[in-house]
Amino acid sequence: MRSSGISVIVVVRHLAWLVLILCSWPRVAAAQAQQAPKTDPVEAAALNTILGRWGKKASWEWNISGELCSGFASTEIDWDYYPTINPFIKCDCSFSNNTLCHITKLGINLNNFTGVLPEELGNMTKLQQLYVASSGFSGRFPSTFSKLRNLKRASDNGFIGKIPHYFGSMTNLEDITGIFPSSAT
């Protein structure tokens, strides 16, 4: 009789474990199905085009296994502490339930580029900060900059000409450096 009592206890324990496993299964499956966030494909294509044109590659510090918004780019690490990482990006991966990243900062400094900034920068619509100081760019801002509604800061030492009319609708813009005439011509 005692052995049947032990058998019942063993069966109940096994059933309890089975119920626990079955109830936990959807959570385990959902956790496994959750993917690492991916960089917005339009922004990724724009950045890769720009870097290719500049003869640059994504840094291994922020481009882990082919994903642009990974490594340092997706952490709280401030790029001021890593001046040798050039170019440097920062991303916000909180979009679409933490599955989509947007490039919010782009920094490329002390290079010998010539010509105007690439129009593809306009495809980075969540860009908030653009640092291209001492990089040799000159000329006017590309018209595609009108799509940068989130831009807060842009710095370079070679922007020239009139401030584009669309800057008036960039309500987040706090600081921009360049050489601008004192009066419109």
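Reader: Where is the place of Asn98?
Author: Asn98 sits in the loop between strand 2 and strand 3. Keep in mind that this is a predicted model.

Reader: What about phi of Asn98?
Author: Phi is near 65° there, a positive value in a residue other than glycine.

Reader: Which loop holds Asn97?
Author: Asn97 is in the loop between strand 2 and strand 3. Asn97 also has a positive phi, about 60°, although it is not a glycine.

Reader: Buried or exposed, that Asn97?
Author: Exposed, because its relative accessible area is 67% and the cut-off for exposed is over 50%.

Reader: How far is Asn97 from Pro37, in sequence and in space?
Author: The two are 60 residues apart in sequence, and their C-alpha atoms are 9.2 Å apart in space.

Reader: Let me step back. How many helices and strands does the protein chain have?
Author: Two helices and six strands. Along the sequence they come in the pattern α-β-α-β-β-β-β-β.

Reader: How much of the chain is made up of buried residues?
Author: Buried residues are 35% of the 185 residues in the protein chain. As for contacts, take those with a separation of 6 or more: residues 24 or more positions apart account for 42% of them.

Reader: Which residues in the largest nonpolar core touch the most other members?
Author: Leu47, Trp62, Ile89 and Leu130 do, in a core of 35 residues. Helix 2, strand 2 and strand 3 are the elements that give two or more residues to this core. Helix 2 gives the most, with five residues.

Reader: Take Leu130. What is it in contact with, leaving aside neighbours within four places?
Author: Leu130 is in contact with Leu106, Leu117, Leu121, Phe145, Leu151, Arg153, Ala154 and Ser155.

Reader: New topic. How many disulfides are there?
Author: Two. Cys69 is joined to Cys91, with an S to S distance of 2.0 Å. That pair links distant parts of the chain, 22 residues apart: Cys69 is in the loop between helix 2 and strand 2, and Cys91 is in strand 2.

Reader: Is the link of Cys69 and Cys91 left-handed or right-handed?
Author: Left-handed, with -70° about the S-S bond.

Reader: Why do Cys69 and Cys91 count as buried?
Author: Cys69 counts as buried because its relative accessible area is 3%. Cys91 counts as buried because its value is 11%. The cut-off for buried is under 20%.

Reader: Which cysteine does Cys93 join?
Author: Cys93 is joined to Cys101, at 2.1 Å from S to S. Their link is right-handed, with 105° about the S-S bond. Cys93 and Cys101 are both buried.

Reader: What pattern do the disulfides follow?
Author: Counting bonded cysteines along the chain, the pattern is 1-2, 3-4.

Reader: On to charge. Where is Glu61 found?
Author: Glu61 is in the loop between helix 2 and strand 2.

Reader: What is the nearest side chain of opposite charge to Glu61?
Author: Lys56, which is 11 Å away. Glu61 is buried yet has no salt bridge. For a salt bridge, the side-chain nitrogen has to be within 4 Å of a carboxyl oxygen.

Reader: What is Glu61 in contact with, then?
Author: Leaving aside neighbours within four places in sequence, Glu61 is in contact with Ser70, Gly71, Phe72 and Ile85.

Reader: Which loop is Pro87 found in?
Author: Pro87 is in the loop between helix 2 and strand 2. The peptide bond leading from Asn86 to Pro87 is cis, with omega near 10°.

Reader: Last one. How many aromatic pairs does the structure hold?
Author: One. In it, the rings of Tyr166 and Phe167 have their centres 5.3 Å apart and their planes at 55°, so the pair is tilted. Tyr166 and Phe167 are both buried.

Terms used: Residues numbered from 1 in each chain as written. Predicted model: local features only at pLDDT ≥ 70, side-chain atom pairs only at ≥ 80, totals over all residues. Heavy atoms only, no water. Helix = DSSP H or I, 4+ residues; strand = E, 2+ residues; numbered from the N terminus. Buried < 20%, exposed > 50% of the residue type's maximum accessible area, 1.4 Å probe, protein only. Lys, Arg positive; Asp, Glu negative; His and termini not counted. Contact = heavy atoms within 4.5 Å. Disulfide = S-S within 2.5 Å. Core = buried A, V, L, I, M, F, W, Y, C linked by side-chain atoms within 4.5 Å. Phe/Tyr/Trp six-rings, centres within 6.5 Å; stacked < 30°, edge-to-face > 60°.
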